[in-house]
Amino acid sequence: MKLLPVGTRIKFLKSLFASANEDGPACVYAEQGDGGVVTGHGTPEGHWVRWDHWPHAFGAEYGTEVIEAVEATDNEVPKF
């Protein structure tokens with residue numbers, strides 16, 4: 001299992017959510033294509049991560065649910 005360093009920017013490969021049940025309402029943890037950050041390790045999925053639009057960390061699996069985000073560099077930004 002590949003573990004990304006804490007602080008690594010990530011991209012969510014799919015939307016992650018919990019369905020409503022007798023314990024509580026539905027919750028969206030992250031939306032597909034959005035960014036987040038690795039906050040730790042030790043979950044069954046491998047990583048503690050936090051979506052940019054959700055204040056709490058949750059478990060996510062590398063390669064299935066998240067990958068490293070590719071940050072644009074000055075060379076990739078078109079010059080007009």
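Two strands count as paired if DSSP finds at least two bridges between them. Strands themselves are DSSP runs (E, at least two residues), numbered from the N terminus. By this rule strand 1 (residues 9-12) and strand 7 are paired: three bridges join them, and they run antiparallel. One of the residues involved is Lys11, whose bridge partner in strand 7 is Ile67.

The model is predicted, so local features need pLDDT of at least 70 and side-chain atom pairs count only at pLDDT 80 or more, while totals for chains, interfaces and linings use all residues. Residues are numbered from 1 along each chain as its sequence is written, and side-chain values use heavy atoms, with hydrogens and water left out.

Strands of a sheet pair through backbone hydrogen bonds, either parallel or antiparallel. Here, an open sheet of five strands has the order 6-5-4-1-7, and the pairing is antiparallel. Strand 6 (58-60) and strand 7 (66-68) are the edge strands, each pairing on one side only. On average, neighbouring strands of this sheet are turned by 50 degrees against each other, direction ignored; the axes are lines fitted to C-alpha atoms, and angles run from 0 to 180 degrees between N-to-C directions.

Next comes the nonpolar core, a set of buried Ala, Val, Leu, Ile, Met, Phe, Trp, Tyr and Cys residues joined through side-chain atoms within 4.5 Å. Buried means under 20% relative accessible area, exposed over 50%, and partly exposed in between (1.4 Å probe, protein chains only). The largest such core has 11 residues, including Ile10, Phe12, Trp51, Phe58 and Val66. Strand 1, strand 5 (47-51) and strand 6 each supply at least two residues of this core. Leaving aside residues up to four places away in sequence, Val66 touches Ile10, Lys11, Phe12, Leu13, Ala60 and Glu61, where contact means heavy atoms within 4.5 Å.

Some aromatic rings also pair. Rings of Phe, Tyr and Trp (its six-membered ring) pair if their centres lie within 6.5 Å; planes under 30 degrees apart count as stacked, over 60 as edge-to-face and the rest as tilted. The count comes to three aromatic pairs. Tyr29 and Trp54 form an edge-to-face pair, 6.3 Å centre to centre with 90 degrees between the planes. Tyr29 lies in strand 3 (residues 27-30) and Trp54 in the loop between strand 5 and strand 6, so the pair ties together parts that are 25 residues apart in sequence. Tyr29 also forms a tilted pair with Phe58, at 5.2 Å centre to centre and 40 degrees between the planes.

Tyr29 is partly exposed, at 28% relative accessible area, whereas Phe58 counts as buried at 8%. Phe12, Tyr29, Trp54 and Phe58 form one aromatic cluster.

Terms used: Helix = DSSP H or I, 4+ residues; strand = E, 2+ residues; numbered from the N terminus.
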